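Here is a short report on one protein model. Have the sequence and the 3D view at hand as you read.

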Amino acid sequence: MIAVPELPEVETVRTGLEQAWVGQRIDRVILRRKDLRFPFPSGMADNLTGQTVVGVRRRAKYLLVDLSNGQVFLSHLGMSGRYTLITPDEVARLNPNRLGVRQSVYGELTGFDGRHDHMEFRFSDGSVSVYTDPRRFGIADLFERAEEPIHALLEHLGPEPFEDWNATIAAERMRGKRSAIKITLLDQRFVVGVGNIYACEALHRSGIAPTTPSNTLVRSNGQPTKRLERLVGEVKSVLEAAIAVGGSTLNDFAAVDGTLGYFGHHFQVYDREDGPCLKEGCNGTIERIVQSNRSTFLCPRCQK
């Protein structure tokens, strides 16, 4: 089953990059192709070179790297992108200069014999970070910080689940919305970062059927119902739990140190079709349905 890295996975990567990159000067950037999902901006490697990383943020599923010249490097992992941090000792051992820049020497660390090492960042302390992406659905961009609010990939995004989102705000955005609640949760204009996996898990924890019309979770006066209050709480809870253990184990996602997350071991419904419901006192069986061409897992016995 294919799954795109969701908010917890991206937050795990953000934390790793923040620890390794902030305060470092970028001495060289090597791009081994002209594009990923979209073409790289003209002159991106040259514009990144010589800049110091002053911060690493996350907006929805985008990584935003703040640079000393006021620009922002944007990175999206797509379906299979990952960053690998390589220590100065490992760099010296593998000696990247022996093959020039056309071929990566880090394949034993990044996988695929280095064939999919599309971006390489060399830092002032001798360390290297490599972006690997076999499917090339990732995104890289570079823009001025002042342009961030109107950036085409960012301007439409809704509130962050931990910072400026609660049941009252959710109710305001759902009033009159007849789409199924699972589809609403996946809408990045409604709230960002809640992907397919964690939407299924939060709905199961809340006891809400994923096909429930969104507007039925809002009172006639526009206030949230108790069920919506619980759902918003469970969305935050399931994301926090996943971040705490490093994200899910599905597919190609890996943290920057190469370790996989472990939230997959705690799935209650996702990818458990025909398995027993794990909720105490429920003897139901997990089913799979399709919503907007995506798999939804639920227990029809305890989710109403």
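Buried means under 20% relative accessible area, exposed means over 50%, and partly exposed lies in between (1.4 Å probe, protein chains only). This is a predicted model, in which local features need pLDDT of at least 70, side-chain atom pairs count only at pLDDT 80 or more, and totals for chains, interfaces and linings use all residues. Residues are numbered from 1 along each chain as its sequence is written, and side-chain values use heavy atoms, leaving out hydrogens and water.

**Cysteines**

A disulfide is a pair of cysteine sulfur atoms within 2.5 Å. How many disulfides does a search of the whole structure find? It finds zero.

| Cysteine | Closest cysteine sulfur | Sulfur distance |
|---|---|---|
| Cysteine 277 | Cysteine 282 | 3.7 Å |
| Cysteine 299 | Cysteine 282 | 3.6 Å |

For cysteine 277, that distance is too far for a bond. For cysteine 299, it is also too far. Cysteine 299 counts as buried because its relative accessibility is 0%. Cysteine 277, at 7%, counts as buried too.

**Helix H5**

Helices (H or I, at least four residues) and strands (E, at least two) are DSSP runs, numbered from the N terminus. Helix H5 spans residues 167–174, and its Ala167, Ala170, Ala171 and Met174 are buried. Seen down the axis of H5, these buried residues fall within an arc of 100 degrees, so they line one face of the helix. The arc is taken from the directions from the helix axis to the C-beta atoms. An α-helix has 3.6 residues a turn, so residues three or four places apart point the same way. Helix H6 (181–186) and helix H8 (226–245) are among what covers the buried residues of H5.

**Two cores**

A nonpolar core is a set of buried Ala, Val, Leu, Ile, Met, Phe, Trp, Tyr and Cys residues joined through side-chain atoms within 4.5 Å. The largest has 36 residues, and Met174 and Leu228 are among those with the most contacts inside it. H5, H6, helix H7 (196–206) and H8 each supply at least two residues of this core. H8 gives the most, with seven residues. A second, separate core of 26 residues includes Val56, Phe73, Met119 and Tyr131.

**Tyrosine 83**

Tyrosine 83 sits in strand E5 (residues 82–86). It counts as buried because its relative accessibility is 1%. In sequence, tyrosine 83 and valine 256 are 173 residues apart, yet C-alpha to C-alpha they are 5.1 Å apart in space.

Terms used
Contact = heavy atoms within 4.5 Å.
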